Amino acid sequence: MASRKLDNIIGLAPNWLELPKDVTLKILQLLGAVEIVMIARQVCPMWRNICMNPSMWKSIEMIKVLNSPYDLEKICMYAVDHGGDHVEEINVEFFATDKLIKKIAERTSNLRRIRISKCSKISDKVFIDAAKKFPLLEELELSFNDLNKESLEAIGKNCPLLKTLKFNRTYKGINCSSYKGFKCNKEALAIATTMPRLQHLDLWGNKLTNEGLMAILDGCPDLKSLDIRMCYNIVMRGNLAKRCYENIKKFRHPCEYIEKNDVDEDDFVYEFHCECRPRGSKARYMDFSKFHR
C-alpha cells in the first residue's frame, strides 16, 4: 500500500526534460552565469544545448563572487563567446582584466549597458581600444577602478548614445574646510567636452573643482541627476549652487553622507574627517539647498 502511494507521488512529480525547450530556456535564464556554466549545462545533453543558445546570454551578471572557487574570467569569456551580438548587458565585479575587456570588444557589438566595478587590472590603453566597439552604449559604470581621463575621452567620442555615467572613486581626501587637497579637472573636462547627451552622472570622490563642475553643467545641458558626494574641492555657492539646485532634478551635495543603501558591503568608500565640518546623524539630514542662498 505504501509502495503504491509512493509510486503515485512520483508519478505526479514533473519531468523537467519534457518541458518545451523555450520554457526551459526562460527558466534557465533566471540563473546566474556561474550556475549556468558550472551546473545547468552539465545536467543533460538537452540542457547543454540550450545553454549554448545565444539568447541565454542577453544579460551577463557576475557580482558578489569574490571568493568563488571557479575561474570567473574564464566563465565570463564562455558567456561572451556564446552570447556574441545577443549580449546587451554586462555587470561584473573584482575579476575583470584587460584580457576580458578585449574579448568583450571582439565578440559583442550591441552592448547597451556595462558595469565594471572594483577591477584594478584594467588599463586605459585596452579600454580606449574597446570603447570603439561600443557604439550603442547607453549606460556605463566604471567605479573603483584605475581608469583615467583617456578612457573617458574615448567613451565620449565613440559612444554617442551614452546617457548614464558612473565614475566613482575610492576617496582618500579629508572632509575639512582647511584641507588643501589635490585638485584636478581633467576628468571633468573630458566628460564636459565629449558627452553632450549625458543625463545622469555620478562622480563620488572626484578631485574636480568649481571650474570643472561648471564645465560639466555647460557641456551636459540635459543632466537630470548629478551626484558629487565626497568631492570636497567644490565650494557650493553663488551661481554654481543656484544652477545645480534649480536646473538638476536630483542633486547630491559634496557633503551629503553615503547611506548604507547607496553602497554594497564590499564597496571601497573611505572618508576622513576633522572637527571643521558637522558629522553624524545631524549632518546626514541637513538641508543643503540653503548653501546657494
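Phe94 is buried, with a relative accessible area of 18%, where buried means under 20% relative accessible area, exposed means over 50% and partly exposed lies in between, computed with a 1.4 Å probe and protein chains only. This is a predicted model, in which local features need pLDDT of at least 70 and side-chain atom pairs count only at pLDDT 80 or more, while totals for chains, interfaces and linings use all residues. Residues are numbered from 1 along each chain as its sequence is written, and side-chain values use heavy atoms, with hydrogens and water left out.

**Two loop residues with positive phi**

- Phe94 is found in the loop between E2 and helix H6 (98-107), where helices (H or I, at least four residues) and strands (E, at least two) are DSSP runs numbered from the N terminus.
- The phi angle of Phe94 is near 75 degrees, which is a positive value in a residue other than glycine.
- Lys118 lies in the loop between E3 and helix H7 (124-131), and its phi is near 60 degrees, again a positive value in a residue other than glycine.
- Lys118 counts as buried because its relative accessible area is 5%.

**The chain as a whole**

- The chain has 12 helices and 10 strands, and buried residues make up 46% of its 293 residues.
- Among the contacts in the chain with a separation of 6 or more, 70% are between residues 24 or more positions apart, a contact being heavy atoms within 4.5 Å.

**Nonpolar cores**

- In soluble globular proteins, nonpolar side chains tend to be buried together.
- The largest nonpolar core has 77 residues, of which Trp57, Ile116, Leu165 and Leu213 touch the most other members; such a core is a set of buried Ala, Val, Leu, Ile, Met, Phe, Trp, Tyr and Cys residues joined through side-chain atoms within 4.5 Å.
- Helix H5 (residues 72-83) gives the most to this core, with 7 residues.
- Apart from this core lies another one, of 6 residues, among them Phe144, Trp204, Met230 and Cys255.
- When neighbours within four places in sequence are left aside, the contacts of Trp57 include Ala33, Ile36, Val37, Tyr78, Ala79 and His82.

**Helices H9 and H10**

- Helix H9 (residues 186-194) and helix H10 (residues 210-219) pack at an angle of about 10 degrees, with their axes 8 Å apart; the axes are lines fitted to C-alpha atoms, for helices over the stretch in contact, and the angles run from 0 to 180 degrees between N-to-C directions.
- That angle makes H9 roughly parallel to H10, since angles under 35 degrees count as roughly parallel, over 145 as roughly antiparallel, 65 to 115 as roughly perpendicular and the rest as oblique.
- Ala188, Leu189 and Ala192 in H9 meet Gly212, Ala215, Ile216 and Gly219 in H10.
- By class, this contact of H9 with H10 has 5 nonpolar, 2 polar and no charged residues, where Ala, Val, Leu, Ile, Met, Phe, Trp, Tyr, Cys and Pro count as nonpolar, Asp, Glu, Lys and Arg as charged, and the others, Gly among them, as polar.
- The buried residues of H9 are Glu187, Ala188, Ala190, Ile191, Ala192 and Thr194, and they pack against helix H8 (149-158), strand E5 (164-166), strand E7 (200-202) and H10.

**Ser151 in helix H8**

- Ser151 has its place in helix H8 and counts as buried, at 1% relative accessibility.
- Not counting residues up to four places away in sequence, Ser151 touches Asp124, Phe127 and Ile128.
- Although Ser151 and Ile128 are 23 residues apart in sequence, they are 5.3 Å apart in space, C-alpha to C-alpha.

**Salt bridges**

- The count comes to 13 salt bridges, each being a side-chain nitrogen of Lys or Arg within 4 Å of a carboxyl oxygen of Asp or Glu.
- The side chains of Arg113 and Glu89 meet in a salt bridge (3.6 Å, N to O), and this pair links distant parts of the chain, with Arg113 in strand E3 (residues 113-117) and Glu89 in strand E2 (residues 89-93), 24 residues apart.
- Arg113 counts as partly exposed at 27% relative accessibility, and Glu89 counts as partly exposed at 25%.
- Asp227 forms a salt bridge with Arg229, the closest N and O atoms being 2.6 Å apart, and both Asp227 and Arg229 are buried.
- Salt bridges that share partners join Glu93, Arg115, Lys118 and Glu141 into one network.
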